[in-house]
Amino acid sequence: MHRARVATAGLNRRTFLALSAAAGLSVATGCKGPEAEALKAKAQGRSQIGEDPLDLDAATSIGSKTTIGNTESILVSGVGLVYGLQGTGSSAPPGGWRMMLEESLKRMPGMTGIKQMLDDPGKSTSLVLVSALVPPGARKGDPIDVQITLPDESKTTSLKGGRLLLCELFNTDTTGNLKSLVHEGKPTGPSGELRKGDRWAVAEGTVLAGQFIPTSGSGTIETDADGQPLFKVGKIWGGAKVIKPRQYFLLINSGSQSPQMAASLAERLNSTFHATTEPNLKVADAKTRELILLNVPLAYRNNHYRFLLVARQIPVLPAAGDSMYRKRLEEELLDPAAALTAAVKLEALGSSSMRALRVGLESPSPWVRFAAGEALTYLGQTDGAAELAKLAEAHPALRAPALKALAAMDDAACTDRLAELTSSSDPSLRYGAFIALRLADENNSTARGVLVNNSFWLHQLAPGSAPMIHLTTDRRCEIVLFGDAPKLRGPFTLPVGSEFTVSVPAACNEATVTRIVKVKNDLEEKKVVCKSTALAEVLLAIGRLGGGYAEGVELIRRADRGQVLSAAVVVDAVPSELNIKQLADFARTDPTLTRANTEVAKAGVVRPELDVSGFDLPSNAPETEAPVATAPARPPLNREPGRIFGKRHDAPPPADPGVVPAGGQ
């Protein structure tokens, strides 16, 4: 595994605390160590005979002197209370979890009647186990997804309709593992007693209970022994907020460690990225002779991997405008076989590379135009926006990285191109462009939606284009309607869940939504008549009657199965992507991207792990074998949800890249 992973395992507990305590260490702003003086002397000596001031290659980049750490997600957990259940809850079972919940509730201001709440005779509450993953590079305030489960001894029958009370989420460890870190500097298997760590996030919100969309390949909804949908597991997409940042670690190699070197590398990072970050945020902060903390600049907020890749290519000493190193990169940029790596290295030289990158936009090669346009966009320039949009439309292999680059800037040159792409006939391009629009600016008029009954987002966009309905299984609760308003075609009457009915009479332009609820001992009928059969109007009517995401998705599923919808239903049409090594291999042998466009559907992944390919650029040497390998499957949010406080913790926390929206790659 990467050396950084081993190093950061120790830093998380013992070393990092010690390093953090040294934050007040005074360091020089210039590089004055013996190694830096040697580099300087080398530059001066060579310049006397008219040669390149410094042969800046991999040996003199920041990446050659450091490794990246803190790149794995942190599993955080807590014990919470779901309230608002319709008689399906249960008293909190006695034991450790109840004690933890009681202590948590006591800390909340103004909280009274805790025992009555936990033992509500109306069964409106339930103790639940809450878990989430804090991705690497997360910023304070970033939303993360939450998973809700019930303890084995719980008598709760359903979490449907419930809402999670504010719940604190902590990372945890065992005493045995902590002792191993202190004495041996490496983790061991879980043993001993459980110890609560730091508070990383707080969670609350409406619980989406049950599985409403068939998982890929199954074609069925998960049910219990009686054939009823399972409502004992829930999620809150984006339901937790990170309360403190998780910086990446830049660990200086043992042969280069010194306070002066750390300060010099931090200064190089800050000066390179100064134009692409917030005014009050330092990208790099040298904490000790061996540790630099990295904050992701604003331009790279949706692509952390790109930031780390570029950061490692920054030369230790600045490259002069007429250096041989820069000239070599400018030549390589125009060579399709080397363009991708050359563009990253030019991006690492900062704004001084813009002229050369603009020349690349004029190349006849799509590889060169893509590489140049992508680098320009991350440098804060819009010159390549139109070209990236064209390439995303023409080449599926370049689609995901091109859309990510367009999402880096909240500028009309980028957002207008993305809005145009939502009218495409390709489902993955349409939905991918929509995601990019939201990432660029969630308040963009094209991407802005309506929150229905505080349960799900309803978006309507790309009027005048072909209609399409998009649903998701692994991200926030949203229904996206593309093109001319999708409509329901009668006559039909569809049951939706256990309480709702939607009907459209023959030759009628109205739809009726009915809800029958039990009030005390009587049944009460509520009804909304929509003035059109537009799906959006019906979904809004369901929300006005108290329905939510489950009912909206159920209506669409049943209507699609009954062929009474005027638009196709698409699920999880997210563009797949190849990593930079795979793309570079194709660039050497596939000038028109014919093979790459085919292979991305086979070997591409939707959410690549942050460090699955390492943080070094691929070599420009040709491969002898076919470049694309089968991509590893992305693990679930939590292999054993809620068990962090239970008897077992055998499996390590699952890796999670957090690309969209927190810490995307």
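Tutor: A residue is called buried when its relative accessible area is under 20%, exposed when over 50%, and partly exposed in between, with a 1.4 Å probe and protein chains only. Helices (H or I, at least four residues) and strands (E, at least two) are DSSP runs, numbered from the N terminus. The model is predicted: local features need pLDDT of at least 70, side-chain atom pairs count only at pLDDT 80 or more, and totals for chains, interfaces and linings use all residues. Residues are numbered from 1 along each chain as its sequence is written, and side-chain values use heavy atoms, with hydrogens and water left out.

The protein has 20 helices and 20 strands, and 53% of its 665 residues are buried.

Next come the neighbours of β15. Two strands count as paired if DSSP finds at least two bridges between them. Strand β13 (residues 456-461) runs parallel to β15 and is joined to it by five bridges. Strand β14 (residues 468-471) runs antiparallel to β15, with three bridges, and these two form a hairpin with six residues between them. Val480 of β15 is the bridge partner of His459 and also of His470.
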